[in-house]
Amino acid sequence: MTEQATMHIGEVAARTELSLRSLRHWEEVGLLRPSGRTDGGFRLYTEDDVAKILVIRRMKPLGFSIEEMKAAMADIELLDAPSVPAADREAARERLGAVAEDARERRERLVRQLAMADEFIGLLEGRRG
């Protein structure tokens, strides 16, 4: 495995447009784990960690729970692992397929909510004269 450059939490927060608090919380609840720590205890993240954070960030607005996000991330990591039995890979693919379908349904609900919000804004603007 090649060694990746590391970055501190502040740089990761800036790159991912997340707060330090969110990143720390995700670590506390077991959703995310930094790749390492400095001798002084500061979190160190790699590009792979940033990629995982961006996946989580994309799930969050769709309303997935921490547990649902953990399960999806575990399956993604399983598929990225080099030597996983074929049956385990297939099961992970099936679970992720169900997550993708759920995400599509959640997205459709959001689209409907946005349409209603646009209608409401239009009604209010129409009342202003």
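This is a predicted model: local features need pLDDT of at least 70, side-chain atom pairs count only at pLDDT 80 or more; totals for chains, interfaces and linings use all residues.
A salt bridge, for today, is a side-chain nitrogen of Lys or Arg within 4 Å of a carboxyl oxygen of Asp or Glu. With that rule, this structure holds eleven salt bridges.

Quick word on the source before I go on. Residues are numbered from 1 along each chain as its sequence is written, and side-chain values use heavy atoms, with hydrogens and water left out.

Okay, the overall layout. The protein chain has five helices and three strands; these are DSSP runs numbered from the N terminus, with helices being H or I of at least four residues and strands being E of at least two. If you walk along the sequence, the order is β-α-α-β-β-α-α-α.

How does the chain's radius of gyration sit against that of a compact globule of 129 residues? The globule would come out near 14 Å, and our chain has 19 Å. That radius is taken over C-alpha atoms, and the globule rule is 2.2 Å times the number of residues to the power 0.38. Along the principal axes, the C-alpha trace spans about 65 × 40 × 25 Å.

Next, burial. I'll call a residue buried under 20% relative accessible area, exposed over 50%, and partly exposed in between, using a 1.4 Å probe and protein chains only. By that count, 24% of the 129 residues are buried. As for contacts, meaning heavy atoms within 4.5 Å, take those with a separation of 6 or more: residues 24 or more positions apart account for 52% of them.

Start with Arg15 and Glu47, whose side chains meet at 2.7 Å, N to O. This pair links distant parts of the chain, with Arg15 in helix H1 (residues 9-16) and Glu47 in helix H3 (residues 47-59), 32 residues apart. Arg15 is partly exposed at 41% relative accessibility, and Glu47 is partly exposed too, at 40%.

Then there's Arg106 with Glu68, where the closest N and O atoms are 3.4 Å apart. Arg106 sits in helix H5 (residues 86-127) and Glu68 in helix H4 (residues 66-80), so this bridge ties together parts that are 38 residues apart in sequence. Is Arg106 buried or exposed? It's buried, at 12% relative accessibility, whereas Glu68 is partly exposed at 32%.

While we're on charges: the chain has 21 positive and 24 negative side chains, and the centres of the two sets lie 4 Å apart. Lys and Arg count as positive and Asp and Glu as negative, leaving out His and the chain ends, and each charge is placed at NZ of Lys, CZ of Arg, CG of Asp or CD of Glu.

Most residues other than glycine have a negative phi. Glu17, though, has a positive phi of about 55 degrees, and it isn't a glycine. You'll find Glu17 in the loop between H1 and helix H2 (20-28), and Glu17 is exposed, with a relative accessible area of 65%.
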